[in-house]
Amino acid sequence: MYGSTSIIAKTTAKIFAQGTPHVQIVNVFENSGNATDYATVLTGLESQQINYDIIVPVIPVDDAKFPLLVSHAQTYMKSLVCGQIGVTRAQAIADFEVLTLGEEQYGICYKSSAYTVGELCGATAGAIAKCSPWIPPEWANVVGINPSGYSMDDVTALEKNPTGNINTIIDVAGATILSSGKSLKPDNWLDIFRTKQYLSKAIKTELINTKLNFAQRNSKIPFTPAGLNIIQGVINTVCSRAQAAGALRETSSADGITLLGYSVNMPSWSSITMGDKASRVLSGISVTAFLSGAVSSITLELVVTL
């Protein structure tokens with residue numbers, strides 16, 4: 001459908017080069033120059049129940065329509081790769097500052113224009129997708145893209161930019177890698193958001209399967225204290241699996257203090273209004289999950305005696 005020299009073909013090729021098994025392509029072609037087509041297509045992704053977790057744009061962050069992607073990602077809890085090419089450190093910081101920065105956004109910039117922004121975002125998204133949601137993409141290998149050409153001072157300034165963490169592609173000991181795992185929101189990490197995304201999706205899927213299993217047995221989840229226990233058990237199971245996979249910290253006890261890996265808080269039966277019971281709406285459930293830690297930087301003070 002798309003020629004080998006098209007932006008979509010080049011972007012897709014970079015995604016596949018990272019080892020990503022499948023990609024869904026949405027092509028928005030507009031003659032009017034306005035944002036109507038973009039808005040319609042983005043809405044359609046949800047109304048048609050398209051399954052996707054990471055958005056890979058082929059437009060740069062300074063495109064007039066990019067805020068639509070940001071709004072969509074924030075509304076529907078999607079990871080969004082935000083890219084800019086052919087920019088100095090100062091220009092990259094200025095371009096990213098205009099976005100509504102969020103924990104779901106991974107910013108990536110490139111000094112030259114050797115690649116399209118779609119290729120840069122595609123390679124980045126593919127590298128991120130290779131990581132389990134709870135694994136920081138910091139120093140993840142990138143295939144098919146050369147290091148970005150920024151100096152180490154530039155890289156440090158981009159990563160520690162107080163108005164939003166920006167990443168790039170660097171060389172470390174001959175390996176081409178993403179410079180960090182930070183999201184654009186200051187002091188945030190993309191793996192934290194992706195773990196939220198993962199847990200939310202897993203819990204929703206498991207609850208749907210549970211309701212389906214009851215229906216297939218000509219039964220239902222009762223809106224009773226026992227039914228609340230069933231739902232809590234389903235959520236506990238999902239969180240326990242995440243804990244076993246290493247996404248959440250292990251529950252531990254020391255000095256009489258217990259550190260939980262997660263907790264599920266259900267509303268008491270008496271606190272649920274008659275209106276909610278009549279309309280069969282169960283709200284007020286909260287899940288608190290504690291991610292397993294990750295070492296990002298190490299500071300050493302060494303004394304060497306010879």
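**Rings and charges in a predicted chain**

Q: Among contacts in the protein chain between residues at least 6 apart in sequence, what percentage join residues at least 24 apart?
A: A contact means heavy atoms within 4.5 Å. Take the contacts between residues at least 6 apart in sequence. The share that joins residues at least 24 apart is 65%.

This is a predicted model: local features need pLDDT of at least 70, side-chain atom pairs count only at pLDDT 80 or more, and totals for chains, interfaces and linings use all residues. Residues are numbered from 1 along each chain as its sequence is written, and side-chain values use heavy atoms, with hydrogens and water left out.

Q: How many helices and strands does the protein chain have?
A: Both are DSSP runs numbered from the N terminus: helices are H or I with at least four residues, strands are E with at least two. The secondary structure comes to 9 helices and 9 strands.

Q: How many aromatic pairs are there?
A: Rings of Phe, Tyr and Trp (its six-membered ring) pair if their centres lie within 6.5 Å; planes under 30 degrees apart count as stacked, over 60 as edge-to-face and the rest as tilted. By this rule, the count is 3.

Q: Which kind of pair do Tyr110 and Tyr115 form?
A: The ring centres of Tyr110 and Tyr115 are 5.5 Å apart. Their planes meet at 85°, so the pair is edge-to-face.

Q: Are Tyr110 and Tyr115 buried or exposed?
A: Buried means under 20% relative accessible area, exposed over 50%, and partly exposed in between (1.4 Å probe, protein chains only). Tyr110 and Tyr115 are both buried.

Q: How many residues apart are Phe223 and Trp269?
A: The rings of Phe223 and Trp269 have centres 5.9 Å apart and planes at 65°, so they pair edge-to-face. The pair links distant parts of the chain. Phe223 lies in the loop between helix H7 (190-216) and helix H8 (225-244), and Trp269 in the loop between strand S8 (262-265) and helix H9 (274-279).

Q: What does Phe223 count as, buried or partly exposed?
A: The relative accessibility of Phe223 is 25%. Phe223 therefore counts as partly exposed.

Q: Which ring does the charged end of Lys78 sit over?
A: A charge sits over a ring if NZ of Lys or CZ of Arg is within 6 Å of the ring centre and within 35 degrees of the ring normal. For Lys78, the distance to the centre is 4.1 Å. The ring is that of Tyr52.
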